[in-house]
Amino acid sequence: MGKHSIFWIDQITLGLMNQQDIAQHLRQKFPLLSQSGDIVQNIAAHSKSMDLATGQVLLHTGDTINYIPFLVSGIIKVARTDDDGHEMLLYYIHPGESCAFTLSASLKREKSKIKAIVQMPSTVVLLPAEVNWQLARQYPVWYDFVLDAYGKRFEELLGLVEEIGFKHLDQRLETYLREKFKMGATLFIHLSHQEIADDLGTARVVISRMLKQLENRGMVELMRGKIKNKGLM
């Protein structure tokens, strides 16, 4: 994709699922939308699906919002970036969720304020952004869906503020690592010290020192390019 995300591209050739398959996945993963009329079929009629590889960027800060993502499988990280390219983790999008910031920017016709990066192989259903307005006018449940997305992210961002304001960095690091191990359902996570530092908004040397402390306590084992869970429960 070069330096651009898939949302930047005006036209993309996808076609990995047919309309009925998309509708079935939406009903299974997004039950709120299934409660009202034919909105799921309407979304499916306008959407396409796409399989995404780990590390692929869906959205860069400043991109035009061409698509609304509905995550069917996998995990996507949403981060805030500064002018120097530093990233800070905001939250993760899980199956059955969309991106509140993307929904908001689409409705306001604004550029993206976040970056979205695939954390593990994922499948997304992509709804053209202009259909967002049609759904809002035609289906009251669409507002419920958008507000529900806002509510979940607001709670997560409040949690992030509480962690930054009231927890020591070593506690935040342990929470972060537990979540990473849980998401991957594995004893190993493939992350550099710099990636962890970026997600937690601190310096690499600080993370390296804290990881060494965790290793000395027998909670993790540090390996080249990866970390093994030995005692983080």
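Predicted model: local features only at pLDDT ≥ 70, side-chain atom pairs only at ≥ 80, totals over all residues.
## Helix α1

Helix α1 spans residues 19-29. Its buried residues are Ile22, Ala23 and Leu26. They cover an arc of only 100° around the axis, which places them on the same side of α1.

These buried residues pack against several elements. The partners are helix α2 (39-46) and the strands β1 (48-52), β3 (67-81) and β5 (115-128). The N-terminal end of α1 is capped by asparagine 18. A side-chain oxygen of asparagine 18 lies 3.1 Å from the backbone nitrogen of glutamine 20.

## Helix α4

Helix α4 runs over residues 129-138. Ala129, Val131, Asn132, Leu135 and Ala136 are its buried residues. Their arc around the axis is only 145°, so they sit on the same side of α4. Glu130 and Arg137 are on the other side of α4, and these two are exposed.

## Aspartate 199 and lysine 77

The structure holds seven salt bridges. One of them joins aspartate 199 to lysine 77. The closest N and O atoms of this pair are 2.8 Å apart. Aspartate 199 lies in helix α7 (residues 193-200) and lysine 77 in strand β3, so the bridge ties together parts that are 122 residues apart in sequence.

Both partners are buried. Aspartate 199 has a relative accessible area of 3%, which is under the 20% limit for a buried residue. Leaving aside residues up to four places away in sequence, aspartate 199 touches Lys77, Glu87, Met88, Leu89, Tyr92, Tyr176 and Lys180.

Helix α5 covers residues 140-166. Arginine 153 of α5 is paired with glutamate 97, which sits in the loop between β4 (87-93) and α3 (100-108). Their side chains meet in a salt bridge at 2.5 Å, N to O. The pair links distant parts of the chain, 56 residues apart. Arginine 153 is buried, at a relative accessible area of 4%. Glutamate 97 also counts as buried, at 15%.

A second bridge lies within the helix. Lysine 152 forms a salt bridge with aspartate 148, and the closest N and O atoms are 3.5 Å apart. The two residues are four places apart in α5, so about one helical turn separates them. Both ends are partly exposed: lysine 152 has a relative accessible area of 36%, and aspartate 148 one of 35%.

## A salt-bridge network

Some charged residues form a linked group. Glu174, Arg178 and Arg217 are connected in a network of salt bridges.

## Nonpolar surface patch

Tyr143, Leu147 and Tyr150 make a nonpolar surface patch of about 310 Å². Leucine 147 belongs to helix α5. Its relative accessible area is 54%. That value makes leucine 147 exposed, as the cut-off is over 50%.

## Arginine 109

Most residues other than glycine have a negative phi. Arginine 109 has a positive phi, near 55°. This arginine is found in the loop between α3 and β5. At 65% relative accessibility, arginine 109 counts as exposed.

## Methionine 233

Methionine 233 lies in the segment after β8 (226-229). The residue is exposed, with a relative accessible area of 83%. Glutamine 171 is 62 residues from methionine 233 in sequence. In space, the two are 13 Å apart, C-alpha to C-alpha.

Conventions. Residues numbered from 1 in each chain as written. Heavy atoms only, no water. Buried < 20%, exposed > 50% of the residue type's maximum accessible area, 1.4 Å probe, protein only. Arc of directions from axis to C-beta. Contact = heavy atoms within 4.5 Å. Polar contact = N/O pair within 3.5 Å; in protein donor to acceptor, adjacent residues only side chain to side chain. Patch = residues over 30% accessible without salt bridge, like charges linked within 9 Å, V, L, I, M, F, W, Y side chains within 5 Å. Areas by Shrake-Rupley, 256 points an atom, 1.4 Å probe, with all protein chains shown as cover. Salt bridge = Lys/Arg side-chain N within 4 Å of Asp/Glu carboxyl O.
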